[in-house]
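Subject: Structure handover

Hello,

Here is the structure for you to look through. Please open it beside this email and follow along.

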Amino acid sequence: AAHTAAEAAHTAAEAALAADSAATRFRGVRRCVRKCITPRYESQFQEQGKRTGLGAFESDVRAATAYDLMVLKCRGERAFLNFGAAAYEDDRAWLEQTPREQLVLCL
C-alpha cells in the first residue's frame, strides 16, 4: 500500500519515540533518565537553536502544559500545542502581560 508523506513522517516519528527511552507522548517533554526517587519529566523549549529549560515536573501532563504556555508566548498562533489553543483561552491575557523570563520562573 502506498503511504503519503504525512503517514511516512508519522511512522518515522513513532519509530524514533520507541527507540528513545526518555521520550514521551508530548512535544517538548522528556522523561528524566537520571536516577530519581519519583518519576520526573523535564520540559524544554527551543527557539532559533537556543534551548530553554522550563523545569522538572512530577507529571508529563504538567510538563507539556509548561511547554505549551511557553510556545504560545513565543510563537502565538503559529504554535504547535500538545493540548490545543482552546485549553489556554483563560491564560491569553496573562501570557501577553508576562515577560518571557518571568514566565520561565512561573512555570
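Below are notes on one helix, then on the salt bridges.

First, the ground rules. This is a predicted model: local features need pLDDT of at least 70, side-chain atom pairs count only at pLDDT 80 or more, and totals for chains, interfaces and linings use all residues. Residues are numbered from 1 along each chain as its sequence is written, and side-chain values use heavy atoms, with hydrogens and water left out.

Helix H2

Helices (H or I, at least four residues) and strands (E, at least two) are DSSP runs, numbered from the N terminus. H2 covers residues 60-75, which makes 16 residues. From its first C-alpha to its last it reaches 22 Å, close to the 22 Å expected at 1.5 Å a residue. That expected span is 1.5 Å times one less than the number of residues.

Is H2 mostly covered or mostly open? It is mostly covered: 12 of its 16 residues are buried. Buried means under 20% relative accessible area, exposed over 50%, and partly exposed in between (1.4 Å probe, protein chains only). Among the buried residues are Ala63, Tyr67, Leu69 and Cys74. The buried residues of H2 pack against strands S1 (29-31), S2 (41-47) and S3 (50-57), and against helices H3 (92-97) and H4 (100-106); contact here means heavy atoms within 4.5 Å. After H2 comes glycine 76, with a positive phi near 60 degrees.

Salt bridges

How many salt bridges does the structure hold? It holds 5. A salt bridge is a side-chain nitrogen of Lys or Arg within 4 Å of a carboxyl oxygen of Asp or Glu.

Start with aspartate 60 and arginine 25, whose side chains meet at 3.2 Å, N to O. Aspartate 60 lies in H2 and arginine 25 in the loop between helix H1 (5-19) and S1, so the pair ties together parts 35 residues apart in sequence. Aspartate 60 is buried at 15% relative accessibility. Arginine 25 is exposed at 61%.

Next, arginine 100 bridges to glutamate 47, with the closest N and O atoms 2.8 Å apart. This pair links helix H4 to strand S2, across 53 residues. Arginine 100 is partly exposed at 28%, and glutamate 47 is partly exposed at 22%.

Last, glutamate 77 pairs with arginine 92, at 3.1 Å between the closest N and O atoms. Glutamate 77 is exposed at 68%, whereas arginine 92 is buried at 18%. Glu77, Glu89 and Arg92 are linked in a network of salt bridges.

Best wishes
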